Each structure stands twice: as structure tokens, then as C-alpha cells.
Amino acid sequence: MANKKKNNYVSKDNLGKNVFPKDIILSIKNVSYRYNDAKEDEFALKNVNFNFETGKVYAIRGRSGTGKTTLLSLISGLEKCTEGEVIFDGKSLKNMNLDKYRNSDIGIVFQSYNLLPFMTASENIILSMDANGLKIKNKKEKAIELMRKVGLKETYADRKVLRLSGGEQQRVAIARSLSYNPKIIIADEPTGNLDKQTETEILEIFKKLAHEENKCVIIVTHSQNVCDGVDQIYDLKKVKN
Ligand SMILES: Nc1ncnc2c1ncn2[C@@H]1O[C@H](COP(=O)(O)OP(=O)(O)O)[C@@H](O)[C@H]1O
Ligand SMILES: [Mg+2]
């Protein structure tokens, strides 16, 4: 492994697009999870094994109650595996500072956006920079740059979130998740409250982040439309307890 270089070069394909070397950034290894208040043999997840590479968009698909949200809690280090482990960039989360991991390596996007409605779009993004202790000189400029990345014009920066459409709010939430430039973005039903056209637009943003910026994007979804557009689908089945 001595000379293994990681993500430190980018080549171009014959259309001039960036080509990144693929790396496994996240592994779910034999993971089982049982909630504290569940019966001894009642598992929310049982022996799950998934690998995730940089530069790709993944869908995790499964019916309600199959453990999708639970899996995202384990990936984001909010819960600890009952059995097995989550490996990020070659290191088990068991041996990592999870606050630091959450504040730098992983960005989270929710179905209901989780923005502060009475604050402006840029204030919401700056709040996340502050919460994560980012030392950036011109935070507003950075927030506007992130907003552009998700297709929001500068004029939206000073608009209160409650004056934005659902699709626009989700774009702000994605911009916010990018504020500390994480390698992985996880999204729990990010298009669950949106119409199909807007869903497709949001999916295109995630695809751009993966394919042009080498992020690993993991989307939990019910939507066939989303599944049709991702690079790889993983299915979760209900655990038979
Ligand atoms: N806080 C909790 N305490 C106990 N059981 C839970 C809790 N949260 C979820 N569960 C159970 O874990 C299983 C998986 O839930 P969840 O991860 O929310 O599934 P999904 O997101 O796929 O709908 C379900 O059987 C659910 O009832
Ligand atoms: Mg869920």
C-alpha cells in the first residue's frame, strides 16, 4: 500500500471532462443494528455489506421500515453498529472522532430541508459554516458561490427561506451540506416532497457533484425516477426477525 495515491490527480477524457480515479471511500461491513429498546432478537438491520466509491451516485432503495434511515444514522456516526463496522477512507468509525467526522467528512440533506425559515438562504449556509468552525474570510461570498453550484442565482442569497419554493429550499440545503466540502453527501428521501420535474433537477445536481467534483452521493429513496438516474442501486429488505 506504500505508494497508493489517493485522489490527488485528475486527468481529462477526450471531451475535456475531469476523470477521477475511483476509490472506495465508505464500506459497510457485516453491519447489524438493534435499537436499545428492541427485543434481543429484533434487528433493524442484519448483516448489511455495501461499498461506496467516490465519483458515484448511489440509491438505497427499500420499503418503509427496511432500515434505510437507520443505515444513514450509522454512516453519519450518529448511532454505533451493534455488530460489524463502518469504514471511512480505510478507518473504522469506531476509532475516529465522530464529531470531527460529521463536521468535515460527511454532509447531510433531509427530506424536509431542515432550514431556518425566518433566516435568509445565505444566513442558513453561513450558520452551518459557523457551527462547523470554518475559518473563511468572506462567508457570504462563499455561500453565494455554493448557491451558484446548485443553480441558485445571487439574488436568492438575501431571500428568506420561507419565500422559496420546495425545490429552491432543497437546493439551499444541498449548498449548506457542501459548506465544509465533505467527501460524502447522504440524503434521506431528498425529493420526497417534490414534484417529478423538480426531483429530476435535484438529482442532476447530485450527479454533477459526483461526476464533476468527485463526491460520493448516497440517496435513500422510494422514487423509481431517482433510481433510474443513479450509478448504482442497493436494495434493503425487511429483516426477518
Ligand atoms: N428509535 C427507534 N427505536 C426502536 N425502533 C426503531 C427506532 N427507529 C426505527 N426503529 C425500527 O427500525 C426499523 C427500521 O426503521 P427505519 O430505519 O426508520 O426504516 P426506513 O427508513 O427504511 O423506513 C423499523 O422496524 C422501525 O420500527
Ligand atoms: Mg426512513
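Reader: Which are the buried residues of helix 1?

Author: A residue is buried if 20 or more other C-beta atoms, placed from the backbone, lie within 10 Å of its own. Helices are DSSP runs (H or I, at least four residues), strands likewise (E, at least two), numbered from the N terminus. In this predicted model, K68, T70, L71, L72, L74 and I75 of helix 1 are buried. Helix 1 spans residues 68-75 and is mostly covered, with six of its eight residues buried.

Reader: What covers the buried residues of helix 1?

Author: Look for contacts: C-beta atoms, placed from the backbone, within 7 Å. The cover includes strand 3 (24-33), strand 4 (45-53), strand 5 (57-61), strand 6 (83-88), strand 9 (184-188) and strand 10 (216-221). Just after helix 1, G77 takes a positive phi of about 75°.

Reader: At what angle do helix 3 and helix 5 pack?

Author: Axes are lines fitted to C-alpha atoms over the stretch in contact, and angles run from 0 to 180 degrees between N-to-C directions. Helix 3 (residues 121-131) and helix 5 (residues 166-177) pack at about 25°, axes 9 Å apart. They are therefore roughly parallel (angles under 35 degrees). A121, N124, I125 and S128 of helix 3 meet V172, A175 and R176 of helix 5.

Reader: Which residues are around ligand 1?

Author: Take residues whose C-beta atom, placed from the backbone, lies within 6 Å of the ligand. They are Y35, D37, A38, A44, G62, S64, G65, T66, G67, K68, T69 and T70.

Reader: How should I read the numbering and confidence?

Author: Residues count from 1 along each chain as its sequence is written, while chains are lettered from A and ligands numbered from 1 in written order. Local features need pLDDT of at least 70, side-chain atom pairs count only at pLDDT 80 or more, and totals for chains, interfaces and linings use all residues.

Conventions:
A residue is buried if 20 or more other C-beta atoms lie within 10 Å of its own, exposed if 12 or fewer, and partly exposed in between; C-beta atoms are placed from the backbone. Two residues are in contact if their C-beta atoms, placed from the backbone, lie within 7 Å. Angles under 35 degrees count as roughly parallel, over 145 as roughly antiparallel, 65 to 115 as roughly perpendicular and the rest as oblique.
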